[in-house]
Amino acid sequence: MSSSQVALLGAIAGFTIYLGLPLGRLRSPSPRLRAGLNAVAIGILIFLVWDVLTHAWEPVDDALGKHEWGTVASGSLTLAVGLGAGLMSLVYYDGWIARRAVSASRPAGPGAAATTELAPRVRSRASSLALMIATGIGLHNFAEGLAIGNSAAQGELSLALLLIIGFGLHNATEGFGIVAPLAAEGERPSWAALLLLGLIGGGPTFLGTVVGQHLVNDTVSIAFLGLAAGSILYVVIELLAVARKTGLKILTTWCVLLGLVLGFATDAIVTAAGA
C-alpha cells in the first residue's frame with residue numbers, strides 16, 4: 001500500500017466524525033432531551049480523558065519497568081507540561097471570551113450602539129464549548145493518526161487498516177460529543193459551522209497519519225496526548241456545571257453511564273486490533 005493510500009484511509013477515519021455532527025441541527029429539543037444529550041457527551045468525554053492519559057502514560061510506564069530513568073523523566077515532564085497547557089490555556093481563553101462579552105454588551109456613550117453593531121460578534125457559550133471540544137478531540141485524533149502512520153511505516157499494514165476502522169467508528173461518537181452543548185442549549189448551528197467543527201476535530205487524523213509515516217517519536221505523541229487530555233478535562237468540568245443546572249440528576253446519571261459505555265464499546269475494536 002502506497003503512502004498516499006494510507007493517508008487517504010487516515011482521512012476517511014478522521015472524517016467519520018461528520019456522522020455524529022448533524023445531531024446538532026435538531027429543532028427545539030425538549031429540556032429532558034437536551035439534558036440527556038449533554039450527559040451522554042460528558043460520559044464520552046470522561047472516557048476520552050481516561051483513554052488519552054492511558055496511552056500517554058504507556059511509554060513512561062514501560063520505561064519505569066526497564067529502569068530507563070532518562071526516558072521516565074522526559075516523558076513525565078512532557079505529559080505534565082502538555083496536560084497543564086491544554087487545561088490552563090482554555091481557562092484563560094474562556095476568561096478572555098467572558099471579558100469580550102461584557103465589553104461588547106456595555107454601551108460607552110453617544111454612538112456606542114452603532115459601535116457595538118460594528119464590533120465582532122462574541123461567540124455564544126455553547127459555541128465556545130463546542131469549539132473547545134473539537135480542539136481537544138482534534139489533538140487526540142492527531143495522536144491517533146500518528147499511531148496509524150507509525151504502523152504503516154513499520155510495515156504493519158493489517159494493523160494500520162484495523163486501526164483506521166476502529167478510529168473511524170470511534171470518531172463517529174466524538175462528533176456527537178462536539179455538538180452536544182449546542183443541542184443542550186437549543187442552539188442550531190449552520191451547516192458551515194458543522195463543517196468547520198468537523199474539520200477541526202477530524203482533520204488532524206489525516207495530518208497525523210501523514211506525519212506518522214515519517215516520524216516515529218514517543219515524545220511528540222505524549223505531548224499531543226497531554227494537550228488533548230487537558231483540554232477535554234476542562235470541557236468536562238464545564239459540561240458538568242451545565243448538567244447541574246438542569247436539576248435532572250437521575251436522567252443525567254444514566255446518560256453519563258451510557259456515554260461511558262459507548263466510549264468503551266467503540267474503543268474495543270481498536271483494542272482488538274492490538275493498539
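This is a predicted model: local features need pLDDT of at least 70, side-chain atom pairs count only at pLDDT 80 or more; totals for chains, interfaces and linings use all residues.
Reader: Phe264 forms an aromatic pair with Phe47; is Phe264 buried, partly exposed or exposed?

Author: The relative accessibility of Phe264 is 42%. The class between buried, under 20%, and exposed, over 50%, is partly exposed, and therefore Phe264 counts as partly exposed.

Reader: Why is the pair of Phe47 and Phe264 given the name it has?

Author: A pair of aromatic rings is described by the distance of the centres and the angle of the planes. For Phe47 and Phe264 the centres are 4.7 Å apart and the planes stand at 65°. Rings pair if their centres lie within 6.5 Å, and planes over 60 degrees apart count as edge-to-face; the pair is therefore edge-to-face. Phe47 belongs to helix α2 and Phe264 to helix α9, 217 residues apart, and the pair thus links distant parts of the chain. Phe47, Trp50 and Phe264 form one aromatic cluster.

Reader: How do you know whether the rings of Phe15 and Tyr18 are stacked or edge-to-face?

Author: A search of the whole structure finds four aromatic pairs. In the pair of Phe15 and Tyr18, the centres are 5.8 Å apart and the planes lie at 5°. Planes under 30 degrees apart count as stacked, so this pair is stacked. Phe15, with a relative accessible area of 31%, is partly exposed, and Tyr18, at 24%, is also partly exposed.

Reader: What makes up the nonpolar surface patch?

Author: Phe15, Leu196, Leu199, Phe206, Leu207 and Val210 make a patch of about 500 Å². Helix α7 gives the most to it, with five residues. Phe206 has its place in helix α7. Residues of a patch need over 30% relative accessible area; Phe206 has 32% and is partly exposed, while Phe15 has 31%.

Reader: Which residues touch the most other members of the largest nonpolar core?

Author: They are Leu45, Leu48, Ile133, Ile137, Ile178 and Leu239, in a core of 38 residues. The elements that give two or more residues to this core are α2, α5, α6, α7, α8 and α9. The largest share, eleven residues, comes from α2. In soluble globular proteins, nonpolar side chains tend to be buried together.

Reader: What is Ile133 in contact with, leaving aside its neighbours within four places in sequence?

Author: Ile133 is in contact with Leu45, Gly177, Ile178, Pro181, Val235 and Leu239.

Reader: How do you know whether His67 is buried or exposed, and what is its phi?

Author: His67 has a relative accessibility of 54%. Exposed means over 50%, so His67 counts as exposed. His67 lies in the loop between α2 and α3. Its phi is positive, about 60°, although His67 is not a glycine. Most residues other than glycine have a negative phi.

Notes: Residues are numbered from 1 along each chain as its sequence is written. Side-chain values use heavy atoms; hydrogens and water are left out. A nonpolar core is a set of buried Ala, Val, Leu, Ile, Met, Phe, Trp, Tyr and Cys residues joined through side-chain atoms within 4.5 Å. Buried means under 20% relative accessible area, exposed over 50%, partly exposed in between (1.4 Å probe, protein chains only). Helices (H or I, at least four residues) and strands (E, at least two) are DSSP runs, numbered from the N terminus. Contact means heavy atoms within 4.5 Å. Rings of Phe, Tyr and Trp (its six-membered ring) pair if their centres lie within 6.5 Å; planes under 30 degrees apart count as stacked, over 60 as edge-to-face and the rest as tilted. Patches are made of residues with over 30% relative accessible area and no salt bridge: like charges are joined within 9 Å, nonpolar side chains (Val, Leu, Ile, Met, Phe, Trp, Tyr) within 5 Å. Accessible areas come from the Shrake-Rupley method with a 1.4 Å probe; for residues, only the protein chains shown count as cover. A salt bridge is a side-chain nitrogen of Lys or Arg within 4 Å of a carboxyl oxygen of Asp or Glu.
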